[in-house]
Amino acid sequence: MDLRAALLDQTQAFGELVRGADPLTPIPTCPDWTLKQLFRHVGRGTRWAAQIISERRNEPVNPREVRNGKPPDDLDAAIDWLNAGPHAVITAIDQVGSDARVWTAAGMRPAGWWIRRLLHEVAVHRADAALALGADYDVSPDLAADAISEWIELMVLQATRQTTPPLERGRTLHLHATDAGLGPTGEWTIAHDDGGLSWTHDHGKGDVALRGPAKDLLLAVVRRRPVTELDIEVFGDSDVWDGWLERTPF
């Protein structure tokens, strides 16, 4: 998957989804936000990342100090503003070098790290907008599967900073995407053993296992929709799954 092209495509799809919609539409999956605030968040977020990269920051930029961080009032100009953000990120990465280390939410990482993070950020926020507007939400299985992997990576890293891990010691959680062609990239086993929290693409039963399309698994794991509203089968101890969700905010 070409992550750069996917970032541009997902951003454009997000913009077209919200074009013409009521900006005051509430976003139930992002409490207290309206569609206008969600749009600004996505657009400013890419510029925030571009500024971190271009300035080779070792700490985050204050969101209030993001250059051109507010969309124009004109709708067409606002959509252009949104779509320009990912291009600014790509340009910044090419200028400093993909391997140049900069600040990220996961610590100091190569600048190229930001492409994947922003891709999945906008893909999930497109789901937020679609759910709020009653629109269809579709995403390719390979993109959804990679978004799940990236999310789990972040949650495992975040767990090292938590006093209460999302899985109790000795517990395992397994996700299995039913889409054809994903192979091992469509399975995830998360375990908490003596070495701490870790994950692999191994097949396994788990104390709790979820089975369904990658798109639905993504919406479940990022807490956009409950499994009861998705095409997902749950096997085993659902309390383990509920505990994981409760302790994996981001």
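## Basis of the model

The model is predicted: local features need pLDDT of at least 70, side-chain atom pairs count only at pLDDT 80 or more, and totals for chains, interfaces and linings use all residues. Residues are numbered from 1 along each chain as its sequence is written, and side-chain values use heavy atoms, with hydrogens and water left out.

## Overall fold

The chain holds seven helices and seven strands. These are DSSP runs, numbered from the N terminus: helices are H or I with at least four residues, strands are E with at least two. Their order along the sequence is α-α-α-β-β-α-α-β-β-β-β-α-β-α.

The chain's radius of gyration is 18 Å, close to the 18 Å from the globule rule for 250 residues, so the chain is as compact as a globular protein of that length. The radius is taken over C-alpha atoms, and the rule is 2.2 Å times the number of residues to the power 0.38. Along the principal axes, the C-alpha atoms fill a box of roughly 50 × 40 × 35 Å.

Contact means heavy atoms within 4.5 Å. Take the contacts between residues at least 6 apart in sequence: 66% of them join residues at least 24 apart.

## The sheet

Five strands make an open sheet with mixed pairing, in the order β5-β4-β3-β6-β7. Its edge strands are β5 (196–200) and β7 (233–236), each pairing on one side only. From one strand to the next, the twist averages 15°. Two strands count as paired if DSSP finds at least two bridges between them. In general, strands of a sheet pair through backbone hydrogen bonds, either parallel or antiparallel.

Strands β3 (residues 172–177) and β4 (residues 187–193) run antiparallel, joined by five bridges. Here histidine 174 stands opposite threonine 189 in β4. Helix α5 (residues 141–159) packs on the sheet and touches β3, β4 and β5. The direction of α5 makes about 165° with that of β5. Such angles run from 0 to 180 degrees between N-to-C directions, with axes fitted to C-alpha atoms, for helices over the stretch in contact.

## Salt bridges

The whole structure has 14 salt bridges. Each is a side-chain nitrogen of Lys or Arg within 4 Å of a carboxyl oxygen of Asp or Glu. Arginine 116 meets aspartate 146 at 2.9 Å, N to O. That pair ties helix α4 (residues 113–133) to helix α5, 30 residues apart. Arginine 171 pairs with aspartate 237, the closest N and O atoms being 3.6 Å apart. This pair joins the loop between α5 and β3 to the loop between β7 and α7 (238–246), 66 residues apart. Arginine 171 is partly exposed at 28% relative accessibility, and aspartate 237 is partly exposed at 28%.

Salt bridges that share partners join Glu16, Arg19 and Asp76 into one network. Within it, glutamate 16 and arginine 19 meet at 3.0 Å, N to O. Glutamate 16 is partly exposed at 41% relative accessible area, and arginine 19 is partly exposed at 34%.

## Burial and the nonpolar core

Buried residues make up 47% of the 250 in the chain. Buried means under 20% relative accessible area, exposed over 50%, and partly exposed in between (1.4 Å probe, protein chains only). In soluble globular proteins, nonpolar side chains tend to be buried together.

The largest nonpolar core has 78 residues, and Trp241 and Trp244 have the most contacts inside it. Such a core is a set of buried Ala, Val, Leu, Ile, Met, Phe, Trp, Tyr and Cys residues joined through side-chain atoms within 4.5 Å. Beyond its neighbours within four places in sequence, tryptophan 241 contacts Leu173, Leu175, Val208, Leu210, Ala220, Val221 and Val227.
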